[in-house]
Amino acid sequence: MQYRRFGKTEMNLSVLTLGLMRYMSKDPEQSAAVVRRAVSSGINHLETARGYGESEELLGHALKRIDRKKVFITTKVGVCKTYDDFMKHFETSMSKMGIDVLDNLDVHGINNEDKFRMAMDENGTMKACRRLLDSGAVRHIGFSTHGKTDLLLKTVNTEFFESINLHYYWFYQAHAPAVARAAELDMGVLIISPNEKGGMLFKPSEVLTRLSAPFHPMNLNKRWLLSDPRIHTLSLGPAVADELDAHMAVADDARPLTEQEKAALDRWDRTIREKLGADFCTQCGRCLPCPEFIDIPEILRLRNVAVGLGMNDYGSFRYNLLDGSNDWFHGWPGSHCTKCGECLPRCPEKLDIPCLLFDAHRRLKTGIGRRLWQRLVR
Ligand code: SF4
Ligand code: SF4
């Protein structure tokens with residue numbers, strides 16, 4: 001297992017983090033077994049959240065049988081309107097986990113301007129964060145986000161947070177400027193769910209599998225991330241202990257990408273571009289904003305990988321989450337396009353955006369999606 005300095009926090013974290021989101025409805029013994037296996041494999045960072053159902057409680061149960069000094073714990077508490085609310089949630093987290101001092105607290109879900117304002121409110125969430133740091137109950141404060149790049153940069157540039165917990169994968173590189181800025185500010189960088197949200201790579205399409213050979217797509221994505229020294233740790237969410245084994249191959253590999261790995265990634269890129277031809281969306285983002293609150297680049301990204309690499313299951317998994325009403329996955333489905341034409345002159349590729357959005361909807365809309373915690377708790 002490699003360990004990396006988590007930016008200015010100075011915590012020396014394993015490059016793999018055990019993400020405990022999927023523990024919510026699992027029995028305590030099974031959860032404890034996963035934690036024990038992870039720790040015995042060298043993973044020293046355990047990550048959960050107040051909003052993950054019973055996850056913190058299950059972690060508390062597991063912690064009774066491992067050496068607390070051997071692990072760093074992160075929990076995440078959602079942005080609150082008031083100081084009292086944030087403190088109440090934090091205290092609940094600590095009591096569920098049964099710990100007195102938290103290594104790292106992430107302000108959870110700075111996803112849009114409203115949440116940003118609430119997070120930075122010196123009479124609310126920010127006051128609570130400062131108080132927790134001053135009291136020693138929390139050693140470090142970072143943030144997690146499902147927001148757009150501008151918001152990430154704005155949050156990073158406050159220079160209050162010591163780390164960032166974000167989506168960034170080979171198949172989703174839009175946040176590259178935020179990763180670069182975080183590195184300039186010496187922040188810790190944790191990548192959320194590279195296997196699932198990064199492409200459902202544990203269940204790759206036939207095309208992706210063929211193009212990746214002799215590598216597994218899941219490992220190629222992780223290698224691409226970990227070959228970048230600005231990335232410190234990747235969050236994995238195994239439901240059972242045996243699932244951890246599949247990820248260990250990359251845990252010791254600190255080399256830059258090999259020529260063979262680069263060639264495989266190049267095959268992904270070339271195949272997408274060739275298959276899409278004149279319909280390829282470069283993800284430049286110039287088409288925005290859309291008056292109907294449609295995230296055009298994101299929908300066309302999902303179309304790119306579905307058409308280009310047969311990643312329809314992944315495309316549908318993400319597309320089905322679009323309902324415009326929450327800040328965890330932005331915008332309405334492509335079917336909401338009114339064909340107003342505002343975006344068209346802004347697209348340097350001259351794409352027929354409405355036509356591609358309706359096509360994406362036909363290909364990818366297979367039901368109503370729910371985020372993982374919703375699937376587990378309902
Ligand atoms: S044509 Fe459709 S996607 Fe483009 S700006 Fe109008 S509503 Fe939005
Ligand atoms: S402007 Fe065109 S190429 Fe750029 S993200 Fe929008 S649709 Fe894609």
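Predicted model: local features only at pLDDT ≥ 70, side-chain atom pairs only at ≥ 80, totals over all residues.
The crossing of the two helices is left-handed. On the side of α11, the contact is formed by Ile296, Ile299, Leu300, Leu302, Arg303, Ala306 and Val307. These residues meet Ile353, Leu356, Leu357, Asp359, Ala360, Arg363 and Leu364 of α13. By class, eleven residues of this contact are nonpolar and three are charged, with no polar residues.

Helix α13 also packs against helix α12 (residues 312-319), the axes coming within 9 Å and crossing at roughly 105°. Helix α12 is therefore roughly perpendicular to α13. Asn312, Gly315, Ser316 and Tyr319 of α12 make this contact with His361, Arg363 and Leu364 of α13. The contact of α12 with α13 comprises two nonpolar, four polar and one charged residues. Arg363 and Leu364 are among the α13 residues that meet α11, and both are also listed in the contact with α12.

A further helix pair is formed by α9 (residues 217-226) and α10 (residues 259-276), which pack at an angle of about 110° with their axes 11 Å apart. This angle makes α9 roughly perpendicular to α10. The α9 side of the contact consists of Pro217, Leu220, Asn221, Arg223 and Trp224, and the α10 side of Glu261, Ala264, Leu265 and Trp268. By class, six of these residues are nonpolar, one is polar and two are charged.

Two ligands were examined. Ligand 1 has 13 residues around it, of which Cys290, Cys337, Cys340, Gly341 and Cys343 come nearest. The shell around ligand 1 has eight nonpolar, two polar and three charged residues. Ligand 2 is surrounded by 14 residues, the closest being Cys281, Cys284, Gly285, Cys287 and Cys347. The residues of this second shell divide into nine nonpolar, three polar and two charged.

Side chains of opposite charge can pair when their charged atoms come close. The count of salt bridges in the model comes to 28. One salt bridge joins the side chains of arginine 65 and glutamate 29, with an N to O distance of 3.2 Å. Arginine 65 lies in the loop between α2 (55-63) and β5 (72-78), whereas glutamate 29 belongs to helix α1 (residues 28-40), so the pair ties together parts that are 36 residues apart in sequence.

Backbone geometry was also considered. Most residues other than glycine have a negative phi, and most peptide bonds are trans. A cis peptide bond joins alanine 213 and proline 214, with omega about 10°. Proline 214 is found in the loop between α8 (206-212) and α9. A cis peptide bond also joins leucine 288 and proline 289, where omega is about 5°. Proline 289 is located in the loop between α10 and α11. Methionine 200, a residue other than glycine, has a positive phi, near 45°. This methionine 200 lies in the loop between β9 (188-191) and α8.

Technical notes. Residues numbered from 1 in each chain as written. Chains lettered and ligands numbered in written order. Heavy atoms only, no water. Left-handed = near helix turned anticlockwise from the far one by under 90°. Helix = DSSP H or I, 4+ residues; strand = E, 2+ residues; numbered from the N terminus. Contact = heavy atoms within 4.5 Å. Nonpolar A, V, L, I, M, F, W, Y, C, P; charged D, E, K, R; others polar. Near = heavy atom within 4 Å. Salt bridge = Lys/Arg side-chain N within 4 Å of Asp/Glu carboxyl O. Axes fitted to C-alpha atoms, helices over the stretch in contact; angles between N-to-C directions. Parallel < 35°, antiparallel > 145°, perpendicular 65-115°, else oblique.
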